[in-house]
Amino acid sequence: MKKIILVVLMAVFSYAQTKFSEPQPTFDNPRKVVYSLYVGDLDTVSHTIGSMYNILKEYPSESLKIVVVAYGKGMRVLKKDYDENTLNRIKSLMEYDVEFIGCKNTMETMNWKEEDFIDGISFTQAGIVEVIEKQQDGYIGITAY
């Protein structure tokens, strides 16, 4: 009897799906998320990247836009000399069209140049302003902490 219950429970959980709110996410009307990445510690960054992968797994392809805006200590995460495993995970996210935007104000303060950072990221003058504008444009804000 225990085996039957276990099999039934496993079947139920394997068919569990997220129920999306109306209007359903589509190519023309995707869900939009902006992450504020202003911390640089490896554990927090790893957790944040993991949450992005979890989001990507749940939404149908092409029905989700994720933007990560790095500023302050978060800019360190996008530098070529950051943790290699983390950078590989970031590059993998970029292959799924996750956009990474870096803050030029932080770069100027730290005397960093664009060539110090991984390929494929874009830059904005003020990262926090970019987050505000993305939220104004309908993005849901998520803070990495």
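This is a predicted model: local features need pLDDT of at least 70, side-chain atom pairs count only at pLDDT 80 or more; totals for chains, interfaces and linings use all residues.
In soluble globular proteins, nonpolar side chains tend to be buried together. Here the largest nonpolar core holds 36 residues, and the members that touch the most others are Leu-37, Ile-66, Val-68, Ile-90 and Phe-100. At least two residues of this core come from each of β1 (31–37), α2 (42–58), β2 (64–70), α3 (84–95) and β3 (99–103), and β2 gives the largest share, with six residues. Leu-37 illustrates the packing: leaving aside residues up to four places away in sequence, Leu-37 touches Val-45, Val-68, Val-69, Ala-70, Tyr-71, Gly-74, Val-77 and Ala-144.

The strand β2 also supplies the largest share, four residues, of the lining of the largest pocket. This pocket has a volume of about 370 Å³, and among its 17 lining residues Glu-62, Ser-63, Leu-64, Tyr-96 and Asp-97 lie nearest the centre. By type, the lining consists of 11 nonpolar, two polar and four charged residues.

Three aromatic pairs are found in the structure. In one of them, Tyr-38 and Tyr-71, the ring centres are 5.8 Å apart and the planes stand at 25 degrees, so the pair counts as stacked. Because Tyr-38 belongs to the loop between β1 and α2, and Tyr-71 to the loop between β2 and α3, this pair ties together parts that are 33 residues apart in sequence. Tyr-38 is partly exposed, at 35% relative accessible area, whereas Tyr-71 counts as buried at 15%.

Phe-117 and Phe-123 form an edge-to-face pair, with 6.0 Å from centre to centre and 70 degrees between the planes. Phe-117 is buried at 1% relative accessibility, while Phe-123 is partly exposed at 22%; together with Trp-112, Phe-117 and Phe-123 make up one aromatic cluster.

How values were computed: Residues are numbered from 1 along each chain as its sequence is written. Side-chain values use heavy atoms; hydrogens and water are left out. A nonpolar core is a set of buried Ala, Val, Leu, Ile, Met, Phe, Trp, Tyr and Cys residues joined through side-chain atoms within 4.5 Å. Buried means under 20% relative accessible area, exposed over 50%, partly exposed in between (1.4 Å probe, protein chains only). Contact means heavy atoms within 4.5 Å. On a 1 Å grid over the protein atoms alone, a cavity is a set of points where a 1.4 Å probe fits but cannot get out, and a pocket is an open set with protein on both sides within 12 Å along at least five of seven lines; lining residues have an atom within 4 Å of a point. Grid points are joined across faces, edges and corners, and a volume is the space filled by probe spheres set on the points. Ala, Val, Leu, Ile, Met, Phe, Trp, Tyr, Cys and Pro count as nonpolar, Asp, Glu, Lys and Arg as charged, and the others, Gly among them, as polar. Rings of Phe, Tyr and Trp (its six-membered ring) pair if their centres lie within 6.5 Å; planes under 30 degrees apart count as stacked, over 60 as edge-to-face and the rest as tilted.
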